[in-house]
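Welcome to a short tour of two protein chains and the contacts between them. Have the structure open as you read, and follow the residues by name.

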Amino acid sequence: MKSQTLTRAELFEDVHNELGLPRQECAAIVERTLDLVVEALERGDTVKLSGFGVFQVREKNARVGRNPKTGKPAAIDPRKVISFRASQIVKARVDAGTHE
Amino acid sequence: MLKSELIERLASEYPHLTQKDVERAVNLILESMISTLEKGGRVELRGFGALSVRSRPARAGRNPRTGESVKVPAKHVPFFKSGKELRERLNLTGDDNAE
């Protein structure tokens, strides 16, 4: 199993090959797609991409944590985090694909 | 926001593209990510986040209805870690600008 990393460059190329539009425009479309997801999450919106998964903003309460290096207690402010739940289809494909 | 809403929005910003083409682009982006994970690879999108595959060891689970113990086999699951920039953008408040 060859481990590969997918980055923007490959996505630009994929869209370019699929739509046959100029590379620069394909790059802009990919970028804008990601950005629209980020903007929705910034508004606190849940992003549901059918056949892929759900991105959701979750609020974390303030708590006292610890600096793992020094062991000293440190206050952690309330914050928002993203949780991603892959769709059943994606879970099944990932599990099947990586078990071979 | 649903995928259909994302596609509509993109299509309105790229009026010279058909909605069908925008839909193909969005589906292709998602499909490329899935097939990379399927091959055991990872997806790295700076500013957005990274998707990777994590392995979960086999464990003894329980059938919640009957209480019976069942073996849950080891599996691989997709995992998303948000990027630094996304985390920062989520947590921006007025007084953060002072930093």
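This is a predicted model: local features need pLDDT of at least 70, side-chain atom pairs count only at pLDDT 80 or more; totals for chains, interfaces and linings use all residues.

B:Arg89 forms a salt bridge with A:Asp35, and the closest N and O atoms are 3.6 Å apart. That pair crosses between chains: B:Arg89 sits in helix α3 of chain B, while A:Asp35 belongs to helix α2 (residues 23–42) of chain A. A:Asp35 is also in the partly exposed class, with a relative accessible area of 25%.

## The interface between the chains

The size of an interface is often given as the accessible area lost when the parts come together. For chain B and chain A, that buried area is about 4,800 Å², with carbon and sulfur atoms giving 65% of it. Of the area that chain B buries against chain A, 15% comes from B:Met1, B:Arg89 and B:Leu90, more than from any other three residues.

On the polar side, 18 residue pairs are in polar contact across the interface of chain B and chain A, counting pairs with both residues at pLDDT 80 or more.

Is B:Ser32 buried or exposed? B:Ser32 counts as buried, because its relative accessibility is 9% and the buried class is under 20%. Leaving aside neighbours within four places in sequence, B:Ser32 is in contact with A:Leu6, A:Leu11 and A:Asp14.

## Salt bridges and their network

The count over all chains comes to 16 salt bridges, and the count between chain B and chain A is six. One of the bridges between the chains joins B:Glu13 to A:Arg32, with the closest N and O atoms 2.6 Å apart. A:Arg32 also meets A:Glu39 in a salt bridge, at 3.1 Å from N to O. A:Arg32 is buried, with a relative accessible area of 18%, whereas A:Glu39 counts as partly exposed at 23%.

Elsewhere in chain A, the side chains of A:Asp45 and A:Arg43 meet in a salt bridge at 3.5 Å, N to O. A:Asp45 counts as partly exposed at 30% relative accessibility, and A:Arg43 counts as exposed at 56%. Salt bridges that share partners join A:Arg32, A:Asp35, A:Glu39, A:Glu42, B:Arg9, B:Glu13, B:Glu85 and B:Arg89 into one network.

Now for the rings: the count comes to six aromatic pairs over all chains. A:Phe55 and B:Phe80 have ring centres 5.1 Å apart and planes at 80°, so the pair is edge-to-face. This pair crosses between chains, from strand β3 (residues 53–60) of chain A, which holds A:Phe55, to strand β5 (residues 75–82) of chain B, which holds B:Phe80. Both A:Phe55 and B:Phe80 are buried.

Which residues make up the aromatic cluster? A:Phe52, A:Phe55, A:Phe84, B:Phe48 and B:Phe80 form one cluster. A charged side chain meets a ring as well: B:Arg54 lies over the face of B:Phe79, at 3.7 Å from the ring centre.

## After helix α3 of chain B

The last stop is B:Asn91, in the segment after α3 of chain B. B:Asn91 counts as partly exposed, with a relative accessibility of 26%. The side chain of B:Asn91 reaches the backbone oxygen of B:Arg87 at 2.9 Å. Along the chain, B:Asn91 and B:Leu30 are 61 residues apart, and their C-alpha atoms are separated by 26 Å.

Conventions
Residues are numbered from 1 along each chain as its sequence is written. Chains are lettered from A and ligands numbered from 1 in the order in which they are written. Side-chain values use heavy atoms; hydrogens and water are left out. Rings of Phe, Tyr and Trp (its six-membered ring) pair if their centres lie within 6.5 Å; planes under 30 degrees apart count as stacked, over 60 as edge-to-face and the rest as tilted. Helices (H or I, at least four residues) and strands (E, at least two) are DSSP runs, numbered from the N terminus. Buried means under 20% relative accessible area, exposed over 50%, partly exposed in between (1.4 Å probe, protein chains only). A charge sits over a ring if NZ of Lys or CZ of Arg is within 6 Å of the ring centre and within 35 degrees of the ring normal. Buried area is the accessible area (1.4 Å probe) that two parts lose on being put together, summed over both. A salt bridge is a side-chain nitrogen of Lys or Arg within 4 Å of a carboxyl oxygen of Asp or Glu. A polar contact is a pair of N or O atoms within 3.5 Å; within protein, one must be able to donate a hydrogen and the other to accept it, and residues adjacent in sequence count only if both atoms are side-chain atoms. Contact means heavy atoms within 4.5 Å.
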